[in-house]
Amino acid sequence: MSGQEFSDFPFMELPRGILIDKGALSKVGSVCRRFHLDGKGLIVCDSITKEIAGRGVEGSLSDVGYGSEVIVIEGATDRSVEVVNDHVSEKGDDFILGVGGGRPIDVAKYIAMVRDLDFISVPTAASHDGIASSRASIEMDGRKKSIKAKAPLGVVADTEIIARSPYRLLASGSADIISNYTAVLDWKLAHRLKDEPFSEYAAALSEMTARMVMERASDISTRLEESVRIVLKALVSSSVAMSIAGSSRPASGSEHMFAHALDAVAEKPALHGEEVGVGSIMMMYLHGGDWERIRGALETLKAPIDAEGLGVKNGEIIEALVGACSIRPERYTILGDGLTRDAAEKVARITGVID
Ligand code: ZN
């Protein structure tokens with residue numbers, strides 16, 4: 001049965017097995033055996049992750065008798081999707097592995113849904129919560145879109161490899177999780193005002209995950225292998241919350257709309273998690289909540305808390321705040337039908353995001 005046939009049903013798709021460990025890369029083959037996968041694997045990488053992990057995955061698959069091929073993509077674009085899809089058509093790959101920070105995982109999980117293949121996620125960084133979720137961020141006709149994809153059957157995260165990735169990525173992943181606070185507030189608001197379906201379980205899991213990352217911010221900032229473990233578990237449980245909800249609501253609200261708007265207007269956008277973190281400070285202010293606590297946690301994590309930290313201009317922040325409501329009009333949030341320019345400037349100034 002293809003994944004697409006389920007797209008109109010409240011079908012909860014969750015990862016079935018998760019391995020977070022030092023040296024986990026060498027166990028990818030055994031994990032595939034454990035899931036009784038048959039045939040040949042297609043390893044989707046980019047040019048960097050091919051060297052740091054792609055080859056290791058290839059070796060691990062061959063150790064337990066799987067044939068595999070490595071395909072290198074450039075970005076998570078419609079073009080990459082086409083290239084990988086053609087490969088599956090021509091070579092008849094039986095299962096797919098996404099090896100990377102984000103882009104190869106996005107492409108692999110999307111192809112997994114389109115071609116109904118089993119998908120294994122092998123993250124090489126803990127920079128956002130897409131590593132175990134059933135949504136993919138793909139650039140279509142030059143515009144980034146969040147689309148339905150397949151949740152991984154398994155997630156294999158090698159903490160040793162991820163600990164070697166720049167700390168900035170880990171801080172960004174942590175900020176993405178802290179932003180769950182405002183996403184859940186937006187969701188509750190939409191539930192009350194627009195009668196949008198709401199899941200207590202998904203919301204509670206999402207908030208708890210955000211709280212744990214917030215409370216452990218100073219442990220995470222030590223940049224040790226333990227930091228990687230904390231953030232990885234949080235990213236996985238945030239993805240699970242989205243799977244339970246059947247939408248990205250538990251982890252994506254107005255702060256994500258702000259980030260997407262900033263991506264569109266900024267000359268040099270920052271990392272996804274960095275942008276949503278700053279967005280979350282401002283959206284928490286709009287919700288009348290404790291925005292200073294969010295800012296404090298981001299500061300402890302050494303994640304950006306203002307325009308300067310993001311490397312964007314004050315004007316771009318205002319532009320993004322004003323435009324954020326039109327990013328996803330069907331998603332009701334605290335932004336309502338939009339902020340006026342004056343209101344946008346006020347929230348950005350009061351929260352210290354611009355000076
Ligand atoms: Zn996010």
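The model is predicted, so local features need pLDDT of at least 70 and side-chain atom pairs pLDDT 80 or more, while totals for chains, interfaces and linings use all residues. Residues are numbered from 1 along each chain as its sequence is written, and side-chain values use heavy atoms, leaving out hydrogens and water.

Start at the zinc ion. Its protein donors are Asp 176 (OD), Asp 176 (OD), His 256 (NE2) and His 272 (NE2), at 2.1 to 2.7 Å; donors are N, O and S atoms within 2.8 Å of the metal (3.2 Å for Na, K and Ca), and since water is not among the atoms, sites may look incomplete. The four donor atoms subtend angles of 51 to 146° around the zinc ion, so the arrangement is irregular. His 256 is buried because its relative accessibility is 5%, whereas His 272, at 25%, is partly exposed (buried is under 20% relative accessible area, exposed over 50%, partly exposed in between, with a 1.4 Å probe and protein chains only).

Now step back to the domains. An automatic or database assignment gives domain 1 (3-164) and domain 2 (167-350). Their C-alpha centres lie 25 Å apart. Across their interface there is one salt bridge, meaning a side-chain nitrogen of Lys or Arg within 4 Å of a carboxyl oxygen of Asp or Glu. Arg 229 forms a salt bridge with Asp 21, with 3.7 Å between the closest N and O atoms.

Note on methods
Four donors count as tetrahedral if all angles lie between 85 and 135 degrees; four count as square planar and six as octahedral if opposite donors are over 155 degrees apart and all others between 65 and 115; anything else is irregular.
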